Amino acid sequence: MDFTNKTVLVTGGSRGIGKAIALAFATKGATVAVLYRSDQTSADATLAELPGTDHIAIKADVADPEQVKSAVDQAIDALSRLDIVVNNAGIGIYHPLESSSYEDWQAAWQQTIDANLLGPANICFCAAQHMIKNGGGRIVNITSRGAFRGEPTKAAYGASKAGLNSLSQSLAVALAPYNIFVGAVAPGFVNTDLTADRLNGPEGSDIKAQSPFNRVAEPREVAHAVLFLASEGAEFSTGTIIDVNGASYLRS
Ligand code: NAP
């Protein structure tokens, strides 16, 4: 998996899984644009850790269609072209049906769908316009085991990730004639800020025991699957959803 001379945009690349993806691509020779929402300190720290030169950080909220367009334009201007896009940025808001107000329920759905589904859809649109003109590209979307297994306390999250799986499959078909390959990676629990409270809390050991390895994934293990889907030779795997869940949820 050699990404020398390739350019990559990683949304949510400043922390957690996105940071591991940015590091993995840079280690294999790519130039990376790290998109983050607000935490510039983490974005700067990630940039400083990336091997190679010319990496950039871009501040944008993927839930805002105008900011998405300008972030993709910025990445193309700075990197000359965009070969690979990874839609990794995402949020998970707790809104258990039995204890949420109707207002909280609606707000959680709106924010989650805006960030986790409409954001990636708009990034895909803007990036694909460029990739079509450029003769091709690769898009990898980070979804979740929750799309298949359900998310009882974060129903909007599960639905957003199921939608993102479906978006990936639709675009794999629609964009194949343009030499653009689209895949998804669906992690189970991963050791990041998003899950830290639950992993360190009373349910932590039960969560780890969901996998026969009795642990959760490390971000670099998700990155490995992303690099595979974006690599030369993986073209015929377009439309695939790769599970990275340590056999904690099996489907066929
Ligand atoms: P994380 O540690 O919370 O990091 C989230 C990253 O996304 C940060 O870089 C954050 O930027 C950025 N971000 C969040 N909302 C954004 C927005 N509206 N616009 C732009 N950037 C935004 O998350 P993670 O655990 O690495 O998760 C990454 C992805 O994997 C998510 O899509 C998540 O749903 C998925 N996933 C995670 C797990 C898990 O167990 N961790 C499991 C399955 C799937 P700022 O810091 O600047 O806000």
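**The ligand and its shell**

Around the ligand stand 30 residues, and S38, N88, Y157, V190 and T192 come nearest. The model is a predicted one. By residue class, the shell holds 13 nonpolar, eleven polar and six charged residues.

The side chain of R15 places an N or O atom 2.8 Å from an oxygen atom of the ligand. The backbone takes part too. A polar backbone atom of V190 lies 2.7 Å from a ligand oxygen. For V62, a polar backbone atom is 2.9 Å from a nitrogen atom of the ligand. Taken alone, the ligand exposes 900 Å², and the protein buries 96% of that area.

Now the site itself. The ligand sits in the largest pocket. Helix α7 supplies the largest share, three residues.

Next, the aromatic rings. The count of aromatic pairs comes to two. One of them can be followed in detail: the rings of F3 and F25 have centres 4.9 Å apart and planes at 80 degrees. Angles over 60 degrees count as edge-to-face, so F3 and F25 form an edge-to-face pair.

How values were computed. Residues numbered from 1 in each chain as written. Predicted model: local features only at pLDDT ≥ 70, side-chain atom pairs only at ≥ 80, totals over all residues. Heavy atoms only, no water. Near = heavy atom within 4 Å. Polar contact = N/O pair within 3.5 Å; in protein donor to acceptor, adjacent residues only side chain to side chain. Areas by Shrake-Rupley, 256 points an atom, 1.4 Å probe, with all protein chains shown as cover. 1 Å grid on protein atoms, 1.4 Å probe; cavity = no way out; pocket = protein on both sides within 12 Å on 5 of 7 lines; lining within 4 Å. Sits in = over half its atoms within 2 Å of the grid points. Helix = DSSP H or I, 4+ residues; strand = E, 2+ residues; numbered from the N terminus. Nonpolar A, V, L, I, M, F, W, Y, C, P; charged D, E, K, R; others polar. Phe/Tyr/Trp six-rings, centres within 6.5 Å; stacked < 30°, edge-to-face > 60°.
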